Amino acid sequence: QVQLVESGGGLVQAGGSLRLSCAASGSIFRNALMGWYRQAPGKQRELVADITNGGGTNYANAVKGRFTISRDNAKNTLILQMNSLKPEDTAVYYCNAKVDANTLSIYWGQGTQVTVSS
């Protein structure tokens, strides 16, 4: 059983910072491509950033230079540090894990709300 539990969302003013955490249970974390996605009202879910098990990172253009994704394989934890937040960053943020072992398995957390006021 794999569980992803996000925390750290909230309300912040534009220009502020938030730190999201995702705690992963189960044995998949070390081999998973881990990522953060977000979904704003009326919009499709989109990739924010992801990180390989070796630490390689990928960011959406909209967050480059402002957000930093990291992972602690010893603690099965994924982090998203968000700085210089903008109102357009307002969304529900989801933790995601992809494991490709013969078949591709995809897991999602329940989401955490991030609201940035102007």
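**Salt bridges and a sheet**

Tutor: R38 is buried, and D89 is buried too; buried means under 20% relative accessible area, exposed over 50%, partly exposed in between (1.4 Å probe, protein chains only). This is a predicted model, where local features need pLDDT of at least 70, side-chain atom pairs count only at pLDDT 80 or more, and totals for chains, interfaces and linings use all residues. Residues are numbered from 1 along each chain as its sequence is written, and side-chain values use heavy atoms, with hydrogens and water left out.

Student: How many residues apart are R38 and D89?

Tutor: Their side chains meet in a salt bridge (2.9 Å, N to O), defined as a side-chain nitrogen of Lys or Arg within 4 Å of a carboxyl oxygen of Asp or Glu. R38 is in strand β4 (residues 33-39) and D89 in the loop between β8 and β9 (91-101); strands are DSSP runs (E, at least two residues), numbered from the N terminus. The separation is 51 residues.

Student: Which residues are linked in a network of salt bridges?

Tutor: The side chains of D89 and R66 meet at 2.8 Å, N to O, and both residues are buried. E46 and R38 also form a salt bridge, at 2.8 Å, N to O; E46 is partly exposed, with a relative accessible area of 38%. The network links R38, E46, R66 and D89.

Student: In β8, what is the bridge partner of L20?

Tutor: Strands β3 (residues 18-25) and β8 (residues 77-82) pair in the antiparallel sense over 6 bridges; pairing requires that DSSP finds at least two bridges between two strands. The partner of L20 in β8 is L80.

Definitions and conventions:
Helices (H or I, at least four residues) and strands (E, at least two) are DSSP runs, numbered from the N terminus.
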